[in-house]
Amino acid sequence: MPPASKAHRPAASRAPRARRGRFVVLDGPDGAGKSTQVQLLAEQLAKRGVHTLSLREPGGTTAGEVIRSLLLERRQDRLTPVAETFLFEAARAQLVEEVIRPALAQGTWVICDRFTLSTLVYQGHAGGVDARAIEQMSKLATGGLKPDLYLVLWVDANVGIARRESRQADRMEAKGRRFIEDVAKAYKKLAGGRRSPYAFIQAAGLVEDVRKRIWERVETLL
Ligand code: TMP
């Protein structure tokens, strides 16, 4: 199994898995509670007999984990937003080809913590890299693969900062309050509109309430 990925097998599922798996993404600002919700969702799907694989971006492959430490370690302070974009997209290309596509083809559901919208928000809207260039790079990196359901868990900058106060900020989080505010605003702008292709979920409340909101959406894919 690739590093930082987690497989959940239902207790008793012996049936052949002929159908393609579903691809579900949970994205959003730091501190939105994505990793908790990814775990809860995987557990809930396993209870329904669905075989899932949980992944995070960047990461999930040997190359992706090396790229992750390059991107998130505090000593790499001089990486430019363009350099970041190439690195995030390189990790993504590897993850899609090496892990996500084969898993979906086998009938496994893939739940991914972050995907293409993160690059558009962090490097594009907050980092100043041209959005159309990012979209093209993402298309190349994913080979056009799109999630069946793209959820955005949204919290404002204050909630995000307060929630991660207990641990040290990584290199992206250490970019400062202004950057974090730009990130939260960009998620709302890109995902919160009526015609948005994303499922926008308010994530400031209780874990259990957010879990229910996510499940309402995911259940429709079963
Ligand atoms: P996380 O695993 O805690 O979400 O950390 C990943 C960090 O990397 C987070 O601050 C968001 C950032 N990021 C980008 O800036 N661009 C991207 O394309 C992705 C996937 C993550």
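## Aromatic cluster

Tyr122, Phe179 and Tyr187 are joined into a cluster by ring pairs. The model is a predicted one, and five aromatic pairs are found in it. Between Tyr122 and Phe179 the ring centres are 6.2 Å apart and the planes meet at 50 degrees, so this pair is tilted.

The Tyr122 and Phe179 pair links distant parts of the chain.

## An edge-to-face pair

Tyr150 and Tyr198 form another ring pair, with centres 4.9 Å apart. Their planes stand at 90 degrees, so the pair is edge-to-face. Tyr150 sits in strand E5 (residues 149-154), while Tyr198 is in the loop between H7 and strand E6 (199-202). The pair therefore ties together parts that are 48 residues apart in sequence. Tyr150 is buried, its relative accessible area being 7%.

## Fold and dimensions

Eight helices and six strands make up the secondary structure of the protein. Read from the N terminus, the order of elements is β-β-α-β-α-α-β-α-α-β-α-α-β-α. The radius of gyration is 17 Å, close to the 17 Å given by the globule rule for 222 residues, so the protein is as compact as a globular protein of that length. Taken along the principal axes, the box filled by the C-alpha atoms is roughly 50 × 35 × 35 Å.

Among contacts with a separation of 6 or more, 81% are between residues 24 or more positions apart.

## Surface and charge

Of the 222 residues, 50% count as buried. The accessible surface of the protein is about 11,400 Å², and carbon and sulfur atoms hold 51% of that area.

The side chains include 37 positive and 25 negative ones. The centres of these two sets are 4 Å apart.

Notes: Residues numbered from 1 in each chain as written. Predicted model: local features only at pLDDT ≥ 70, side-chain atom pairs only at ≥ 80, totals over all residues. Heavy atoms only, no water. Helix = DSSP H or I, 4+ residues; strand = E, 2+ residues; numbered from the N terminus. Rg over C-alpha atoms; globule rule 2.2 N^0.38 Å. Buried < 20%, exposed > 50% of the residue type's maximum accessible area, 1.4 Å probe, protein only. Contact = heavy atoms within 4.5 Å. Areas by Shrake-Rupley, 256 points an atom, 1.4 Å probe, with all protein chains shown as cover. Lys, Arg positive; Asp, Glu negative; His and termini not counted. Charge placed at Lys NZ, Arg CZ, Asp CG, Glu CD. Phe/Tyr/Trp six-rings, centres within 6.5 Å; stacked < 30°, edge-to-face > 60°.
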